[in-house]
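Subject: Structure handover

Hi,

Here is the structure I promised to pass on. Please open it alongside this note. My findings follow below.

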Amino acid sequence: MSVLILIPMLILIFSGTSFAADSAIAQIRKEYQSIQNALPKLKEESVELSGYSTEGGKAKVYRDVNANIRLIRVELYFESGKETREYYYKNKVLIFAFYESHQYNVPFYVTSKAAKEIGIEPFDAKKTKIMKNRYYFSNGAMIRWLDENKRNVSINSKEFKEAEKKIVDFSNEITAKFKLKN
C-alpha cells in the first residue's frame with residue numbers, strides 16, 4: 001500500500017519541480033523580450049577586448065535610465081569563426097545567456113588562390129556552421145540549458161555544472177569592465 005501512495009507523490013513532486021522551472025523560463029522569456037523592446041532607449045557603452053580570442057573582440061553594455069546593466073553583448077573573433085555571447089540581467093542578476101557560434105569551413109583568410117596552392121577549399125561564408133545555445137538562470141543558478149540541437153542538457157550532468165560556472169564567471173568578469181566609477 002505504501003508503494004501505491006509513494007509513486008503518485010513522487011510524480012507530483014517532480015511535476016511540480018518541472019512546473020516551477022517552466023514558470024521561471026516563461027518569466028525569463030518575458031523579461032528578455034522587454035529588454036529587446038527597450039534596446040533603442042538604453043544607453044550603450046563599449047570596450048575593446050584583448051586576450052579573449054585570436055582576432056580580438058569587443059563588448060557592449062546596455063543600461064537603463066537608472067544605469068543598471070540590462071544586456072551585455074560580447075563579440076569574439078577567431079581565424080576559424082566568431083562567437084557572440086549575450087548576457088541579460090534583471091535587478092543586477094544574470095537571468096539568461098545566449099551564445100551563437102559561427103564555425104567557418106576554413107580560416108577566413110584562405111583565398112581561392114591560397115586554397116588552390118595548398119590543395120584545400122577556400123573560405124566560403126555559405127558553409128559556416130551556426131550553433132546556438134540558450135542558458136536560463138534563476139536566483140543565480142542555471143536552471144535550463146538548451147543546446148545547439150534545442151535539447152535540454154541534464155541539470156545533473158557534469159557538463160551542465162561546468163557550463164554554469166564558466167558562464168557565470170565570464171559574465172562577472174565582463175560586467176566588472178563596466179562598473180560605474182563612483
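Accessible areas here come from the Shrake-Rupley method with a 1.4 Å probe. On that basis the protein chain has an accessible surface of about 11,900 Å². Carbon and sulfur atoms hold 55% of that surface. Please keep in mind that this is a predicted model.

**Overall layout**

The protein chain has 182 residues, and 35% of them count as buried. It contains 3 helices and 7 strands. Read from the N terminus, the elements run α-β-β-β-β-β-α-β-β-α. Take the contacts in the chain with a separation of 6 or more: 42% of them are between residues 24 or more positions apart.

Now for two of the pairings. Strand 5 and strand 6 pair in the antiparallel sense over 8 bridges. Phe 96 stands opposite Tyr 136 in strand 6. Strand 6 (residues 129–138) also pairs with strand 7, antiparallel, over 5 bridges. There, Ser 138 stands opposite Ala 141 in strand 7. Strand 6 and strand 7 form a hairpin with 2 residues between them. Asn 139 sits in that turn and has a positive phi of about 55 degrees.

Leu 71 lies in strand 3 (residues 69–78). Is Leu 71 buried or exposed? Its relative accessible area is 0%, so Leu 71 is buried. Neighbours within four places in sequence aside, Leu 71 is in contact with Ile 35, Leu 39, Lys 60, Val 61, Tyr 62, Glu 86, Tyr 87, Tyr 88 and Tyr 89. Take Ile 35: it is 36 residues from Leu 71 in sequence, but the C-alpha atoms are 7.6 Å apart in space.

Arg 70 is also found in strand 3. Arg 70 has a relative accessible area of 16%. The cut-off for buried is under 20%, so Arg 70 counts as buried. Leaving aside neighbours within four places in sequence, the contacts of Arg 70 include Glu 31, Ile 35, Leu 42, Asp 64 and Lys 90. Tyr 62, Tyr 87, Tyr 88 and Tyr 89 are among them too.

**Salt bridges**

Side chains of opposite charge can pair when their charged atoms come close. The salt bridge count comes to 13. Three of them are worth a look in your viewer.

Which residue does Arg 70 pair with? Arg 70 forms a salt bridge with Glu 31, the closest N and O atoms being 2.1 Å apart. This pair links distant parts of the chain: Arg 70 is in strand 3, Glu 31 is in helix 1 (residues 2–38), and they are 39 residues apart. Glu 31 counts as buried at 13% relative accessibility, and Arg 70 counts as buried at 16%.

Asp 147 forms a salt bridge with Arg 151. The closest N and O atoms of that pair are 3.6 Å apart. Asp 147 is buried, with a relative accessible area of 9%.

Glu 162 is partly exposed, with a relative accessible area of 40%. Lys 158 counts as exposed at 63% relative accessibility.

Best wishes

Technical notes
Residues numbered from 1 in each chain as written. Predicted model: local features only at pLDDT ≥ 70, side-chain atom pairs only at ≥ 80, totals over all residues. Heavy atoms only, no water. Helix = DSSP H or I, 4+ residues; strand = E, 2+ residues; numbered from the N terminus. Buried < 20%, exposed > 50% of the residue type's maximum accessible area, 1.4 Å probe, protein only. Contact = heavy atoms within 4.5 Å. Pairing = 2+ DSSP bridges. Salt bridge = Lys/Arg side-chain N within 4 Å of Asp/Glu carboxyl O.
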